[in-house]
Amino acid sequence: MPVLHSRSSSSATSDAASGMQASSSASVDGYARSLPSATSVVPVASGRHTKRGEDGKVLVVTPWFPEGIPKGDIRLDSEVLALATLVQLTEQEKAARTMAAGTLAEVLKNLMPQCSVAVYGSASYGLSLPTSGVDVIVEHCDEALFTTSEDGTHASMLLLLANLQTCGFSAVNWTVLANGACAKVLHAPTNLMLNVTCVPGTSNATSTAQHLRTLVASFPAIEPVFAILRLVLSQSRCGAHTPGGLASYALLLMITRTAKGLPKTTTPQDLLLQTLRHYNNGAPGEPLVVPDILNPTTNVALGCVRTAQIRSVLRNCLTTLEKWTQEKWEGYRGRSPLSSVLAYDSLWPAHRLGEVRYYTPCLSSPDAAEGAEPYLPSAP
């Protein structure tokens, strides 16, 4: 029976770290800095609705406009970009993900020198939120990892998890199948959840990640729209955090599929509204169909059982946001387009709460961090 090997090396750190691509957020940052400022600064802790500047104009105060902004200056485009900027990863959070993935890769390469380790999912194309986990694919694993020992246990998998524990990882849950293994591990030094998929051969995870990186980089509006819709679905309890909710990978493909029919210069507002229009309808019981980007015959939303709820949420968002394009400002005193579809108490900037981030996610439970579907090969 093949056995897991052991060696001492730190060369594997770069294997996973190379998959961590910087977010294409320069345009978002630049746009946010150009947003109009309020005529007088409104203290963040003093309230959230119906403030006025020195000229008497109503100021809208939200976490993404913490100093207040004149109501007449708000546009959905600028608000989408401002909120996306608020929830993007800080440099420290990016570094933490690189460190956690690198440490994991080093342990795995010590045990299985022939394996390859790479990051995929939102972390690999720069679209992670602070609550996102890190998805890791491990290819060319030893067959022993998927073999049941004579005593009925998975000795090789237990050995791997024991080695991870010595480096600050703790297994939240894991499963072993004949064609692959999956483990959800918490990295204590960074408080990050890593979703690890091990396969004996190869998978399409890395090629999918490369394809999406190219697509996201070529269509700037995808990144902010993806961030907004993830928040909307998460708050509605039908996103990736919720069992039976829509996986982040499926949501991204819904947005990219909509984007392919539009010019690359399409604004975030137009891409958001078009995505909402495209996916808010369906007959009762009709499943949500989202073809995989490399294998169109595979529906990546097949595991989603909250289809009716998702369509209802998207339909309500569309109805609400379209009103803001019809000059109906007076009926929404002290509000903004996104504050009409999002609850934002947990999104206030950190200096209000005396914390490092605008909110601190708890990643101690198995479902607390988002993760893409594992790339296990089909059984023969």
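Predicted model: local features only at pLDDT ≥ 70, side-chain atom pairs only at ≥ 80, totals over all residues.
In β3, T62 finds its bridge partner in F65. The two strands involved, β2 (residues 58-62) and β3 (residues 65-70), run antiparallel and are joined by 3 bridges; strands count as paired if DSSP finds at least two bridges between them. A hairpin takes β2 into β3 through 2 residues.

Numbering starts from 1 along each chain as its sequence is written, and side-chain values use heavy atoms, with hydrogens and water left out.

As for the chain overall, it holds 11 helices and 8 strands, taken as DSSP runs numbered from the N terminus (helices: H or I, at least four residues; strands: E, at least two). Of its 380 residues, 54% are buried, meaning under 20% relative accessible area with a 1.4 Å probe, protein chains only. The chain exposes about 16700 Å², with carbon and sulfur atoms supplying 53% of that area; the areas come from the Shrake-Rupley method with a 1.4 Å probe. Turning to contacts (heavy atoms within 4.5 Å), those between residues at least 6 apart in sequence join residues at least 24 apart in 71% of cases.

Then there are the holes. Searching the whole structure turns up 6 cavities of 30 Å³ or more, a cavity being a set of points on a 1 Å grid over the protein atoms alone where a 1.4 Å probe fits but cannot get out. The second largest cavity has a volume of about 60 Å³, that is, the space filled by probe spheres set on the points, which are joined across faces, edges and corners. It is lined by 11 residues, and R230, G239, A240, L246 and S248 are the closest to its centre; lining residues have an atom within 4 Å of a point. Both α7 (222-235) and α8 (248-259) supply at least two residues of this lining, with α7 giving the largest share, 3 residues. Sorted by class, the lining has 5 nonpolar, 4 polar and 2 charged residues (nonpolar: Ala, Val, Leu, Ile, Met, Phe, Trp, Tyr, Cys and Pro; charged: Asp, Glu, Lys and Arg; polar: the others, Gly among them).

Conventions: 1 Å grid on protein atoms, 1.4 Å probe; cavity = no way out; pocket = protein on both sides within 12 Å on 5 of 7 lines; lining within 4 Å. Buried < 20%, exposed > 50% of the residue type's maximum accessible area, 1.4 Å probe, protein only.
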